[in-house]
Amino acid sequence: MASETEHTAGIEDGVRRRDFINIAAVSFAGVGATAVVLPLLNQMNPSADVLALSTTELDISAIQPGQAIKTSWRKQPVFVRNLVAKEIAEAKAVPLGDLRDPETIDQRTKPGKENWLITLGVCTHLGCVPLGAAEGENRGDFGGYFCPCHGSHYDTAARIRKGPAPKNLVVPPYEFTSDTVVTIG
Ligand code: FES
């Protein structure tokens, strides 16, 4: 039979061991919680270089009326086009009921800047890059963009008008940060 001293020591050891196990469990839970929370916080606060990759800043001052350029945003091609008055008028003249994906040019441009048409250069059929942004390229039957893969024609507001593509070229999120600088993303 254990002496009283040994018995007390046994209890203390037991208590200590249990405390250690509890503390270890709590610490482990704490580490686990931290490991889960940190990636979430990191996702909510992307670092400056991640933000830089996710936005494209563009000086559009050199794009003449009637011209378009290709740039990229998040590794996708983007078309930036400076529409002339005739192209804007053509887009406005189309009844919405004639459109497969009804949107006005005003919905696809910024107020007071309807000459700046900014869209992804990705055909909404199967993802080819349409023609029409570079000098001399085929702009299709409606004067906008033409996808040579399966023959989709987009109009001067980059709306689908003919061919298999189901939707208009996508307008990415963007803002004018000055009269001549656009930030996409
Ligand atoms: S991918 Fe453009 S028409 Fe098919």
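## Terms and basis of the model

Two residues are in contact here when heavy atoms of theirs lie within 4.5 Å. The structure is a predicted model, in which local features need pLDDT of at least 70 and side-chain atom pairs count only at pLDDT 80 or more, while totals for chains, interfaces and linings use all residues. Residues are numbered from 1 along each chain as its sequence is written, and side-chain values use heavy atoms, with hydrogens and water left out.

## Asp179 and its surroundings

Leaving aside neighbours within four places in sequence, Asp179 is in contact with Ile60 and Lys113. Asp179 itself sits in the loop between strand E8 (174-176) and strand E9 (181-184), where helices (H or I, at least four residues) and strands (E, at least two) are DSSP runs numbered from the N terminus. Ile60 is 119 residues away from Asp179 along the chain, yet the C-alpha atoms of the two are separated by 8.8 Å.

With Lys113, the side chain of Asp179 makes a polar contact, side chain to side chain, at 3.1 Å; a polar contact is a pair of N or O atoms within 3.5 Å, for which, within protein, one atom must be able to donate a hydrogen and the other to accept it, and residues adjacent in sequence count only if both atoms are side-chain atoms. Is Asp179 buried or exposed? Asp179 counts as exposed because its relative accessibility is 61%, given that buried means under 20% relative accessible area, exposed over 50%, and partly exposed in between (1.4 Å probe, protein chains only).

## Overall composition

The protein has four helices and nine strands, which follow the pattern α-α-β-β-β-α-α-β-β-β-β-β-β when read along the sequence. Of the 185 residues in the protein, 31% are buried. Among contacts between residues at least 6 apart in sequence, 53% join residues at least 24 apart.

The accessible surface of the protein comes to about 11000 Å², and 60% of this surface belongs to carbon and sulfur atoms; accessible areas come from the Shrake-Rupley method with a 1.4 Å probe, and for residues only the protein chains shown count as cover.

## The sheet E2-E3-E4

Strands E2, E3 and E4 make an open sheet of three strands, in the order E2-E3-E4 and with antiparallel pairing. The edge strands, E2 and E4, each pair on one side only, and neighbouring strands of this sheet are turned by 25° against each other on average, direction ignored; the axes behind this angle are lines fitted to C-alpha atoms, for helices over the stretch in contact, and angles run from 0 to 180 degrees between N-to-C directions. Two strands are taken to pair if DSSP finds at least two bridges between them.

Strand E2 (residues 68-73) pairs with E3 in the antiparallel sense over six bridges, with Thr71 standing opposite Val78 in E3. These two strands form a hairpin with two residues between them, and Arg74 in the turn has a positive phi of about 50°. On the E4 side, five bridges join E3 to strand E4 (residues 116-120), the two running antiparallel; among the facing residues, Asn82 has Trp116 in E4 as its bridge partner, and Arg81 stands opposite Leu117 in E4. Because five of the seven residues of strand E3 (residues 76-82) are buried, this strand is largely enclosed by the rest of the structure.

## Salt bridges

The structure holds eleven salt bridges, a salt bridge being a side-chain nitrogen of Lys or Arg within 4 Å of a carboxyl oxygen of Asp or Glu. One of them joins Arg81 to Glu87, with the closest N and O atoms 3.1 Å apart. Arg81 is buried, with a relative accessible area of 0%, and Glu87 likewise counts as buried, at 10% relative accessibility. Arg81, Glu87 and Arg139 are linked in a network of salt bridges.

A salt bridge between Asp101 and Lys167 has its closest N and O atoms 3.8 Å apart. This pair links distant parts of the chain, 66 residues apart, with Asp101 in the loop between helix H3 (85-93) and helix H4 (105-108) and Lys167 in the loop between strand E7 (160-162) and E8. Asp101 counts as buried at 13% relative accessibility, whereas Lys167 is partly exposed, with a relative accessible area of 44%. The side chains of Glu103 and Arg108 also meet in a salt bridge (2.7 Å, N to O); Glu103 is partly exposed, with a relative accessible area of 24%, while Arg108 is buried, with 3%.
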